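Good morning, and thank you for coming. I would like to guide you through one structure, going from a single residue to the contact between chains.

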Amino acid sequence: MIEVEHLVKSYGQARAVNDISFKVEKGEILGFLGPNGAGKTTTMRILTGYLPATGGTARIAGFDVFEQSMEVRKRIGYLPETPPLYPDMTVSAYLTFVAQIKGVPVAEIPNRVAEAMKLATVAERKDELIKRLSRGYKQRVGIAQAIVHNPDVIILDEPTVGLDPNQIKEVRGLIKSLAGQHTIILSTHILPEVEVTCDRVVIINKGRIAAVDTTQNLTTQLKGGERVRLQANGSAEGLRSSIASIEGVRSVEVKSGADGLVTADIESGADLRAQIAARVVSGGFDLLELRAVTLTLEDIFMQLTTEEKAEAKAEAKVEEEAEEEVEEKAEEAAAT
Amino acid sequence: MRGILAIFRRELGSYFVSPIAYVVTGFFLFLTGYYFTSLLTSVIEYSMRAQMQAMQMGGPPSIDAPALVIRNFSGFATTILLFLVPMLTMGVYAEERKRGTMEMLMTSPITELQIVLGKFFASLTMFVAMLAPTILYHLIVSQYSEPALPWKILWVGYLGVLLLGASLLALGSFISSLTENQIVAAIVTFVIFLMLWLIDFGGRGAGTTMAEIMKYLSLLQHNESFAQGVIDTSSIIFYLSVVSLGLFLTLRNLDSMRWRRA
């Protein structure tokens, strides 16, 4: 559905997009992941025909985005970073206007508008002025705008930015529900978002593609081995040596906290959780916590984008894991 | 055509929900209304004096009071337009760029020409809505006018004001398309209009070629023949050229924005 080949965009000397190629199949959700300024927005703007590329080609549904821009524009729905809204219009009037300029046949406009409002769950405030809506609502009106003409391809630039956790969940759910009938590209710098919503990921950094794969593959490929984190009561050195003596353990890092608790990060070739637990208990330690650590996209992302700073990476990782725990807990709480 | 109509309707709607359009229209009607009444008083006085003179000297009164009112009135109306039109056009493209809606328009299956024409005709319609109530002034006067109101001069005068307004709107919209800041757009538009007005003074009297050129370029100069009830084809062509130039430059600018955008 979308074919991008050797796409280049230069601004003077600087290359915002440098030789990017990827494909998206019909009905897929592709995540475009990268830090701010990586070239995500530029790539999306080229795909929508808003910007011309300096080199390379991009095709949507078989049409070249530059040569056959009008054909492409009929087939895409696009939500830019800031939703393109007219604050003095009501939601339904605005969507009617968008449907008109997107070329929806007059007879179908009321139905399409109602459908888009239903999907984006903004129907109950359709007669309200857009300027009176909250940030989350505006974002959803922006998404309604992108789907009102039932396009083949939907391009969403940071669709969840600035939303609160509940709204993020809603928007992600909405995006997932649109897949299948529509092909979707979404950009984000929030990693869990890609894990939750996307089938495939393009990781982009400094205008170049760092990795393209399915979300699952990326995680397993870069994961390497098993990781276990445990917390126990007792002497740090004793804990370290007793765990290190288990067969199959590759490395143990031990840290004692101020409260007398010891935290150990264990890397191993296979799942050794049972053995580790047995050894810790039989060694006379109070086992307080034991869990498998799965490598998140965040870790992968760090590995791919900041190889040169190994030390800084290690530190950042610890911090991130702490953040993750908080996030995971929040997500669990939201799920229940 | 559908694209133009969609842009036109949205744009016109936006005028009627924004306070600026009401303020501008209100000011315009207040100023023209005030001017019209004081003009009427002085013309009546003047014609009475002329009548008295004519009675003393013998022969019919020699002034055409209604035509005098129409001529002075359209001269005044065109002058305030220089001040008010920048406020109507300042947001036309600047706001669109600032809100990010330009990005949506430019990625929709409509051409830049459709955007430009839709917006121009919307601003022209707004302008007509602002100007139309002033015809009432003349209608009221026509009930009591002696000699009868010269309708032809009146309509030709309004045609002149409409053409001038269209030129100002096209130029103002172009300036608005150059910036994201509507205040900047308003100020630049105002200064340029002022210059186009002042050129007129520079061209007066002097007989040099330069003065002739400046006189020709003056937007207001071309309106004088209309105000006297004369349809001057060259002036019509002049105004239509200015409109086309403004729209063309806007079009080129929208197009080039694609290439310049950083």
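Let me begin with a term: helices here are DSSP runs of H or I with at least four residues, numbered from the N terminus. By that rule, Ala99(A) belongs to helix α3 of chain A, which covers residues 91-101. Please keep in mind that the model is predicted.

Is Ala99(A) buried or exposed? A residue counts as buried if 20 or more other C-beta atoms lie within 10 Å of its own. Ala99(A) has 24 other C-beta atoms within 10 Å, and therefore it is buried. Setting aside its neighbours within four places in sequence, Ala99(A) is in contact with Val104(A), Ile109(A), Arg112(A), Val113(A), Val148(A) and His149(A). For a sense of distance, take Gly180(A): 81 residues separate it from Ala99(A) in sequence, and the two C-alpha atoms are 22 Å apart in space.

Let us now consider chain A as a whole. Chain A contains 12 helices and 14 strands. Of its 336 residues, 38% are buried. Among contacts in chain A with a separation of 6 or more, 66% join residues 24 or more positions apart.

Next, please look at one sheet of chain A. Its 4 strands form an open sheet in the order β12-β13-β11-β14, and the pairing is antiparallel.

As one example, Lys255(A) has Thr263(A) in β13(A) as its bridge partner. Two helices accompany these strands. Helix α9 of chain A, residues 236-244, lies across β11 (226-233), β12 and β13 of chain A and runs at about 170° to β12(A). Helix α10 of chain A, residues 273-282, packs on the sheet and touches β11, β13 and β14 of chain A, its direction making about 165° with that of β14(A).

I turn to the nonpolar cores. The largest has 126 residues, and those with the most contacts inside it include Tyr94(A), Leu95(A), Ile185(A) and Ala170(B). Helix α8 of chain B, residues 151-176, provides the largest share of this core, 14 residues. Not counting residues up to four places away in sequence, Ile185(A) touches Ile2(A), Val24(A), Leu30(A), Phe32(A), Met44(A) and Ile155(A). Another core lies apart from the largest one; it has 13 residues, among them Val228(A), Ile243(A), Val254(A) and Ala264(A).

Finally, how do the two chains meet? In all, 21 residues of chain B are in contact with 20 residues of chain A. Which helix gives the most to the side of chain B that touches chain A? That helix is α1(B), with 6 residues. By type, the residues of this side of chain B are 8 nonpolar, 7 polar and 6 charged.

Helix α1(B) has 16 residues and reaches 23 Å from its first C-alpha to its last, close to the 22 Å expected. Its buried residues include Ile4(B), Ile7(B), Phe8(B) and Tyr15(B). The buried residues of α1(B) pack against α3 of chain A, together with α2 (19-57) and α6 (112-131) of chain B. That returns us to α3 of chain A, where Ala99(A) is found.

Methods: Residues are numbered from 1 along each chain as its sequence is written. Chains are lettered from A and ligands numbered from 1 in the order in which they are written. This is a predicted model: local features need pLDDT of at least 70, side-chain atom pairs count only at pLDDT 80 or more; totals for chains, interfaces and linings use all residues. Two strands pair if DSSP finds at least two bridges between them. Two residues are in contact if their C-beta atoms, placed from the backbone, lie within 7 Å. Axes are lines fitted to C-alpha atoms, for helices over the stretch in contact, and angles run from 0 to 180 degrees between N-to-C directions. A residue is buried if 20 or more other C-beta atoms lie within 10 Å of its own, exposed if 12 or fewer, and partly exposed in between; C-beta atoms are placed from the backbone. Ala, Val, Leu, Ile, Met, Phe, Trp, Tyr, Cys and Pro count as nonpolar, Asp, Glu, Lys and Arg as charged, and the others, Gly among them, as polar. A nonpolar core is a set of buried Ala, Val, Leu, Ile, Met, Phe, Trp, Tyr and Cys residues joined through C-beta atoms within 7 Å. The expected span of a helix is 1.5 Å times one less than its number of residues.
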